[in-house]
Amino acid sequence: MSIFIGGAWAYANGSLHLGHISSLLSGDILARYYRQKGEKVLYVSGSDCNGTPITVRARQEGVAPNVIADRYHREFEDCFSRLGFSYDVYTRTDTAHHHRHVQEIFLKLLEKGLIYKKEIEQTYCEHCEQFLPDRYVEGICPVCKEPSRGDQCDSCSTILEPLELLDRKCKICGHEPSTRATEHFYFSLSSFQTVLENYTHEADDNNLWRDNAISLTKRYLKEGLQDRAVSRDLPIGVSVPVEGYEEKKIYVWIEAVSGYYTASRLWAEQTGQDDSAFWNASTRSYYVHGKDNIPFHSIIWPAILAGLEKEPLPTHIVSNEYLTLEKKKLSTSKNWAVWVPDILERYDPDSIRYFLTINAPENRDADFSWKEFIYSHNSELLGAYGNFINRTLKFIEKSFDGVIPDNDITPSIQEKVSELYKEVGSCIEKTAFKQGLEKAFELVRFSNKYFDEKQPWIQVKDDCDACRQALADCVYLIANLANILTPFLPFSSEKVKKLINTSANEWKPLVVNSHQLPKVEPLFERIDTERIEEELARLNEQLLN
């Protein structure tokens, strides 16, 4: 089976925060799991370097947009690498490769009559002397009456045009914009109404999407799809490949989602392989993002793919709810966020991955609190998982000169492990990552209880054979816990596998051969709980600045 995984592209206009990671991490879990299963996997993403937010940041700093894009693209690459994201391709939208393939998509849709020209009224700022990109227009949402920008309301998720906003203001100068006539290209989204209705019903019937994606997409479809502009008067981006219109740019909503395909083509060019295996009816595809990106993945991208007659339309929409911080909404403008480069300086990447998975906003908003993060690390990763590994291997080190017993494994233990592979695998495939990790930690708790009940410190004196059996079972549990946890906790899993001398990376029970253990070191270090107050103070100080 071919597995295509697309992670949403973050705007390269500022650092990543934990909200970004909480919505993207499941893509890496999927990729690692399917590779262990031996499937053909292509996992892609990149930095959105053409978006309006970058030009806004560049204006604020008085530098060229590419300076901002370069800075944050490099930072994103570093952060994703340190967090263990195993992309096959991580690219950017301002490359000649991306521009060329997006233009090809535009021309194919144009040739099919799915893109057409239309004269419209567009917001124009007399003070700044320019047509305003949609995100440069801010005002009040006409639906929910909350503050909104000109392309989409974050409060009620309504897709908007700038002229629909009430009390419109130019984001750059604060003046009220006027309107001017201009000609743009439009995508015939309305012609895909029936196709997308059938597609959404099929996804609903087969439980392939998250509930938020189903409900929001059905809402858009019920309201009726409207044709959308696919060109804009923008300073940066992919030029419209039509004579006389080269100064206009292909609108980011069609250009950015096309990045999944352009990244696939880049992988094919770089590796000399054929990527068509990831664009046919038998492919299973996962699109991983936050709920603010749902319509781009459940309506826009499927409509583009349908227009291009490419298969499959996205099979799994993995759309997380929001992550809050200390019970308050994340705010980059107010600096109320935990920034990824910062947290990586002080904490183990697996601790971050564990917390953001076990507390993932899969079906409802979830909260990141420093207290819960530190207690979670100390009690679960260190106190339960790390402690079981350490006490087992240290006991072997002390009582058996570090040589793992070679006993056959107790059948009931083997059955329990074999069943866990099936259960966790099923959870991952149906995107219930939190449930899958919980099931793995149920075996952690069972393993600690098993060690306590066998009491090897007594057995070693009274019944050495029984002690060897218990320890062989425990090492078997350790090996398979590390293997099952590889998609979730890749760094600590690798350490454990080195300890027990196995490099196996398949989704099936591992057998551990008797060997001399290397020096046993703790898997995790305890985090002093005094750090909770230190981190809260840092967060509040950051807010003031």
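This is a predicted model: local features need pLDDT of at least 70, side-chain atom pairs count only at pLDDT 80 or more; totals for chains, interfaces and linings use all residues.
Two helices, α6 (211–223) and α9 (294–308), each put at least two residues into the lining of the second largest pocket. The pocket itself has a volume of about 440 Å³. Its lining runs to 20 residues, and the ones closest to the centre are Ile159, Leu160, Glu164, Gly224 and Gln226. Sorted by class, the lining comes out at 11 nonpolar, 3 polar and 6 charged residues.

The loop between α9 and β15 (316–320) holds proline 312, and the peptide bond joining glutamate 311 to proline 312 is cis, with omega at about -5°.

Now for a sheet. Three strands line up in the order β17-β16-β18, forming an open sheet with mixed pairing. β17 (328–329) and β18 (366–368) are the edge strands; each has a single partner, so one side of each goes without a neighbour in the sheet. Look at how β16 (residues 323–325) meets β17: the two pair in the antiparallel sense over 2 bridges.

β7 and β8 pair in the antiparallel sense over 3 bridges, and glutamate 138 sits opposite arginine 149 in β8. Between β7 (137–140) and β8 (147–149) comes a loop, and lysine 145 is found there. Lysine 145 is worth a click too: its phi is positive, about 65°, although it is not a glycine.

Searching the whole structure turns up 5 cavities of 30 Å³ or more, and the largest cavity holds about 70 Å³ of space. Helices α1 (18–36) and α11 (349–358) each supply at least two residues of its lining, with α1 giving the largest share, 4 residues. To find the spot, pick out some of the lining residues, among them Ser22, Leu25, Arg210, Asn320, Leu356 and Phe433. By class, this lining has 5 nonpolar, 4 polar and 2 charged residues.

Last stop: a helix pair. Helix α2 (residues 52–61) packs against helix α3 (residues 65–82) at an angle of about 110°, their axes 8 Å apart. Angles of 65 to 115 degrees count as roughly perpendicular, and that makes α2 roughly perpendicular to α3. On the α2 side, the contact is made by Ile54, Thr55, Arg57, Ala58 and Glu61, which meet Pro65, Ile68, Ala69, Arg71 and Tyr72 of α3. Put together, the residues of this contact divide into 6 nonpolar, 1 polar and 3 charged.

Definitions and conventions. Residues are numbered from 1 along each chain as its sequence is written. Side-chain values use heavy atoms; hydrogens and water are left out. Axes are lines fitted to C-alpha atoms, for helices over the stretch in contact, and angles run from 0 to 180 degrees between N-to-C directions. Angles under 35 degrees count as roughly parallel, over 145 as roughly antiparallel, 65 to 115 as roughly perpendicular and the rest as oblique. Contact means heavy atoms within 4.5 Å. Ala, Val, Leu, Ile, Met, Phe, Trp, Tyr, Cys and Pro count as nonpolar, Asp, Glu, Lys and Arg as charged, and the others, Gly among them, as polar. On a 1 Å grid over the protein atoms alone, a cavity is a set of points where a 1.4 Å probe fits but cannot get out, and a pocket is an open set with protein on both sides within 12 Å along at least five of seven lines; lining residues have an atom within 4 Å of a point. Grid points are joined across faces, edges and corners, and a volume is the space filled by probe spheres set on the points. Two strands pair if DSSP finds at least two bridges between them.
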